[in-house]
Amino acid sequence: KNPEHFHIFKMSLPAVSRLSRFCALRCASQPQHILEVSAAALHLQHQGPGCVWGPDAPSCSFSSSSHNAQNSALRAVFLGPPGVGKGTYASRIANHFGLPHIATGDLIREEIKNKTDMGLQIQNIVSKGQLVPDPIIFELLHRRLSHESSSGDENSVGFVLDGFPRTREQAQAVVSTMRIDLALNLVLREEVLVEKCLGRRVCSHCGTNYNIADIHLPADPSARRPAIVMPPLSPPPQCAPHLEVRADDTEEVIRHRLQVYKDQAAPVEEVFREAGLLHSYELTQGIPQTLPRLLEFVRPFCKHADQPQRGAPGGGGVDGKKAAAATAATV
């Protein structure tokens, strides 16, 4: 209320979101202050990073020199078990919306291949059979986002994050430090996943991946299970004689891999569910039939990507149940 009480702040979007939640708690007995401070914080969140809140800003107005149209770009996390097609769908949806497709495994392999200082450090870690520490993964992720931004401001970049986070701690770090609009969990029945994994093939000459599994499962109304029809992704004649099977694509290994994923995925999903970001999409058809419907499922989240983050007082983010209901007709 008093100008002398104002200070100048430069905040990231996560800091603004935390500020607005903090104000709601501290000012619970003074609703008018909630409206004033939360509205100011949410306005700042719209403006993006680098905004200044100070005594020279009358009536809680804000100025920013770093606002970028990309601030409204979709930020999505793709989750799902091995063999569900995360990479395929994530890359195609990213391409459709003009967003970078980021797979942390690719970032790690690129560092190792280029023999950077960090790559040599990572190589030393993985050669001992250890997991790459979270700080290194997040550093690689932040570097990639900064690289994608013309201004060098990673907060202005939309993205599709593929297969990360993998642990509760990583998920909590993502939710608390980054704006996320959608955590999309791709779901496929386990017997279909096993069959798809057993059908994977790679051409030893060109490296192209194919899948010879021809899946036709009838609907089961009593269990509320839809029919699943997934034709094979057959190789062209020039690749057919050179198809190879991955050494670890045996049924025993695949089922073990799926169980490990289930154990690890449950806490990750819970973090995104509690944040109001988790939405599941069950796959029942092949890529040509599924992709158009999946694009329509994702599209409403693009429209709301420039809204305040879920959880902020007065926020206009998409409610999980409402978003699912709104898109049900297109799925």
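The following exercises, each with a worked solution, concern a predicted model of one protein chain.

**Exercise 1. Confidence in the model**

Task: State what the mean pLDDT of the chain is, and identify which stretches have a pLDDT below 50.

Solution: 
1. The mean pLDDT of the chain is 75, and 68% of the residues reach 70 or more.
2. Over residues 1–71 the pLDDT is below 50, and this stretch has 96 contacts in the model beyond near neighbours in sequence.
3. Residues 307–331 also have a pLDDT below 50, with 52 contacts beyond near neighbours in sequence.
4. Where pLDDT is low, the predicted coordinates should not be read in detail.

**Exercise 2. The surroundings of Arg 179**

Task: Determine whether Arg 179 is buried or exposed, and describe which polar contacts its side chain makes.

Solution: 
1. Arg 179 is located in the loop between α7 (168–177) and β4.
2. Its relative accessible area is 6%; because buried means under 20%, Arg 179 is buried.
3. A polar atom of the Arg 179 side chain lies 3.0 Å from the backbone oxygen of Ala 73.
4. The side chain of Arg 179 is also joined to that of Asp 181 by a polar contact of 2.5 Å.

**Exercise 3. Aromatic pairs**

Task: State how many aromatic pairs are counted, and classify the pair Phe 138 and Phe 164 and the pair Phe 297 and Phe 301.

Solution: 
1. The count comes to three aromatic pairs.
2. The ring centres of Phe 138 and Phe 164 are 5.5 Å apart and the planes stand at 70°; the pair is therefore edge-to-face.
3. Phe 138 belongs to helix α6 and Phe 164 to the loop between β3 and α7, so the pair ties together parts that are 26 residues apart in sequence.
4. Phe 138 and Phe 164 are both buried.
5. The pair formed by Phe 297 and Phe 301 is tilted, with 6.3 Å centre to centre and 45° between the planes.
6. Phe 297 and Phe 301 are four residues apart in helix α10 (residues 287–303), which means that about one helical turn separates them. Both of these residues, Phe 297 and Phe 301, are buried.
7. Tyr 281 forms one aromatic cluster with Phe 297 and Phe 301.

**Exercise 4. Backbone geometry in loops**

Solution: 
1. Pro 165 lies in the loop between β3 and α7.
2. Lys 115 is placed in the loop between α4 and α5. With a relative accessibility of 64%, Lys 115 counts as exposed, because the cut-off for exposed is over 50%.
3. Arg 224 occupies the loop between β7 (215–217) and β8 (228–230), and at 77% relative accessibility Arg 224 counts as exposed.

**Exercise 5. Two partly exposed residues**

Task: Locate Asp 106 and Pro 133, and state how accessible each residue is.

Solution: 
1. Asp 106 is found in helix α4 (residues 104–114). Its relative accessibility is 41%, so Asp 106 counts as partly exposed.
2. Asp 106 and Asp 162 are 56 residues apart along the chain, and their C-alpha atoms are separated by 10.0 Å.
3. Pro 133 is in the loop between α5 (117–126) and α6 (134–148). With a relative accessible area of 33%, Pro 133 is partly exposed.
4. The C-alpha atoms of Pro 133 and Ile 122 are separated by 8.9 Å, the two residues being 11 residues apart along the chain.

Key:
Residues are numbered from 1 along each chain as its sequence is written. This is a predicted model: local features need pLDDT of at least 70, side-chain atom pairs count only at pLDDT 80 or more; totals for chains, interfaces and linings use all residues. Side-chain values use heavy atoms; hydrogens and water are left out. Buried means under 20% relative accessible area, exposed over 50%, partly exposed in between (1.4 Å probe, protein chains only). A polar contact is a pair of N or O atoms within 3.5 Å; within protein, one must be able to donate a hydrogen and the other to accept it, and residues adjacent in sequence count only if both atoms are side-chain atoms. Rings of Phe, Tyr and Trp (its six-membered ring) pair if their centres lie within 6.5 Å; planes under 30 degrees apart count as stacked, over 60 as edge-to-face and the rest as tilted. pLDDT is the predictor's confidence in each residue, from 0 to 100. Contact means heavy atoms within 4.5 Å.
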